[in-house]
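Let's take a walk through this structure together.

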Amino acid sequence: MAVTTQPEALPIARAELSRPPRAGWRVVAGKEFSDGILSVRFVILIALLGLPAIGAIYSTAAFVGNNAGSLTGAPGLFVAIFAHQDPNSQVPSFASILALLGPLLGIAFGFDAINGERAERTLPRLVAQPIHRDAVIIGKFVAGLAVIGLVLGVITLLVSAVAFLVLGVSVGPDELFRLLTWFGVALAYLGFWLAFAMLCSVIVRRAATSLFAAIALWIVLTIFAQLLVGIVAGYVAPVPASPTIDQQVGNAELQLDLARISPGTLYVEASEYLLDPTVQTVGIVPADQASDQRAIPSTLTFAQSLLLAWPQIVALIALTVTCFGLAYVAFMRQEVRA
Amino acid sequence: MVRKHTHRGRTASVESGADIAIQTQRLTKNYGELVAVDNLSLAIRSGEVFGLLGPNGAGKTTTILMLLGLSEPSSGRATVVGFDPTRDPLEVKRRVGYLPDDVGFYAELSGRQNLRYTAALNGMDRRAADARIDELLAEVGLADAGDRQVEEYSRGMRQRLGLADALVKDPSILILDEPTASIDPAGVADVLALIERLAREKGVTVLLSSHLLHQVHQVCDRVAIFNHGRILAQGKMSELTESLAGDQIQLEVGVEGPADQVEAALRAVRGVKTVERDRRDPNLWIVGGPPAIRDHLAVDLAAHGLNIRHLRRVGDELDEVYLRYFSRDEDGRDHAA
């Protein structure tokens, strides 16, 4: 064939070009969101997070009831509902339950995002529609985040409602800002796991395998991280039999820095600052400074707590964005056909 | 064999490029060492039904993905409805309906919901989309099944839903990858009839790929026989059959008489190169040579006092045509285009 002339588009076709570009990701996100909230996973996860949340409220309520006299007028009581752990009870606080179980929420809505489309053979049909290819992964991430936000929001509101109605706790603007910021941080933390699960779903072809990969990282980070951090720190900054203060502090600080690679650590530290106005440091406080003026119990304003939590918040968001970025790039470089 | 309504005498317009729907120029796709599509040059006219025929792994799907802008060519270029799919994929995808090989749907949604999603992705408003979807479901014979979950659909139903899905955007070009694979013969007839009707009544240009020549040749105006990423031949079916047979033909000759005498007489016919006895019928002989032997046979056999009871040309059945192109390709000699 020696046809060399370039056929020009019909004038009509050119006229259609002037239509404004539609946001394909919105359509994808809309479909994924309604799939998400109608799915069985949604119900399971509401129950999974709802039950321990009720337990946490219960133990906090008992604590507040027992110490009502001393707590009257205490600042931060409302946010303490989410963060407080009764020393006499086995039930962890709501914020720490979320640190443990939250990743499951992210993983549940991301692990089969892309390989599920491949398995159902819907991906070629989907990307053959007039949308950019990234609309698929962006739409799915936004929808996943929205579903997770909905689950988290519903449970947070439930806990708040119990605090208002049953415990009669009042809330001021400072505490409201604390709670809202904490909500954002928690969402970023779950967003990290959503993004990581989506990365697995792009790279790994079978949904079951990518679920396994995501859960493996979750288990490593929640159960073995402390162990690994201790081993690495012990190797890099060893503590001899009769250590100096500097050696001990050096080892402890290294452990802390290494632990901060984990989004879980970042989330927990940011939560501590945000949900407890009396927390001024989550770092190492040497014994001689504990009696120092800096350790005098005082309450911080929201802005002060936010400033303290800021590095953790930024690092957490950076991790989430990086993880989604990796998933995005991997997806864009893949061939449509498996 | 070739449909009457098609575009005879349009050669001039092909050259001017005025109504070419799909064109490729030395389109090439490499996957590492493997050349999936090798310098493919095609021109498909508007309103034409073009068949891309070749065995699995010939590079058909890769070609289609490049035409849709879903895969980037290693070199060469394509033009689809006037747009370069690599640079303007959205403009191409807005106008091209695509039925992928082994199409899939969201199993937990109904057929109608699946089509609604496609309509939304094409920016259609809900009311217009619903009217069109009703019409399309009726057209593909799924009017009653539209509200059932796709999970319950048979493969044939999925394939027909796939056709409806490709048509939702009211495309000017329809690209169908293996539209008749994995469905039963009655379903094949339905799908082909539907494709033919679309091309004829709505002027939709159709590019279909298949590895089953005999299933699709009736609906194709032109075909390209494709293997190892290269076109071995293209044109109307009748032309392809003719060009293949051009140098050598085989005739099945029925002659009664003593075998050795008949064989000697057949070998004596001018131009005859090969003589073989049919394995099943001892009175049948397969004679090969240039087309001229057709004329010499009767005369030369009569000279030996033998009469021809039966004479039939063999070897131009479609699948044989097809296979012979591929065997020539394997020999690596003749890459006719």
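How many bridges join strand E1 (residues 20-31) of chain B and E2(B), and in which sense do the two strands pair? Keep in mind as you look that this is a predicted model. The two strands are linked by eight bridges, and their pairing is antiparallel. To find your place along this pair, pick out B:Ile22, which sits opposite B:Ile44 in E2(B).

E1(B) belongs to an open sheet of three strands with the order E2-E1-E4 in chain B, paired in the antiparallel sense. At the edges lie strand E2 (34-45) and strand E4 (75-80) of chain B, each of which pairs on one side only. If you ignore direction, neighbouring strands in this sheet are turned against each other by 15° on average.

Two residues lie between E8(B) and E9(B), which together form a hairpin, and in the turn B:His228 has a positive phi of about 50°.

Chain A has another make-up: 15 helices and zero strands. Of its 338 residues, 38% are buried. Among the contacts in chain A with a separation of 6 or more, 83% are between residues 24 or more positions apart.

One helix pair is worth a stop. Helix H10 (residues 173-203) and helix H13 (residues 263-275) of chain A have axes that come within 10 Å and cross at roughly 175°. An angle over 145 degrees counts as roughly antiparallel, so that is how H10(A) and H13(A) run relative to each other. On the H10(A) side the contact includes A:Trp182, A:Tyr189 and A:Phe192, and on the H13(A) side A:Pro263, A:Tyr267 and A:Leu274 are among the residues involved. Sorted by class, this contact has ten nonpolar, two polar and one charged residues.

Finally, how far does the predictor trust chain A? Its mean pLDDT is 82, with 84% of the residues at 70 or more. Confidence is highest in helix H8 (residues 123-127) of chain A, at 94, and lowest in helix H1 (residues 11-17) of chain A, where the mean is 43. Across residues 1-20 of chain A the pLDDT is below 50, and this stretch has 26 contacts in the model beyond near neighbours in sequence.

Note on methods
Residues numbered from 1 in each chain as written. Chains lettered and ligands numbered in written order. Predicted model: local features only at pLDDT ≥ 70, side-chain atom pairs only at ≥ 80, totals over all residues. Axes fitted to C-alpha atoms, helices over the stretch in contact; angles between N-to-C directions. Helix = DSSP H or I, 4+ residues; strand = E, 2+ residues; numbered from the N terminus. Parallel < 35°, antiparallel > 145°, perpendicular 65-115°, else oblique. Contact = placed C-beta atoms within 7 Å. Nonpolar A, V, L, I, M, F, W, Y, C, P; charged D, E, K, R; others polar. pLDDT = per-residue confidence, 0-100. Buried ≥ 20, exposed ≤ 12 C-beta atoms within 10 Å, placed from the backbone. Pairing = 2+ DSSP bridges.
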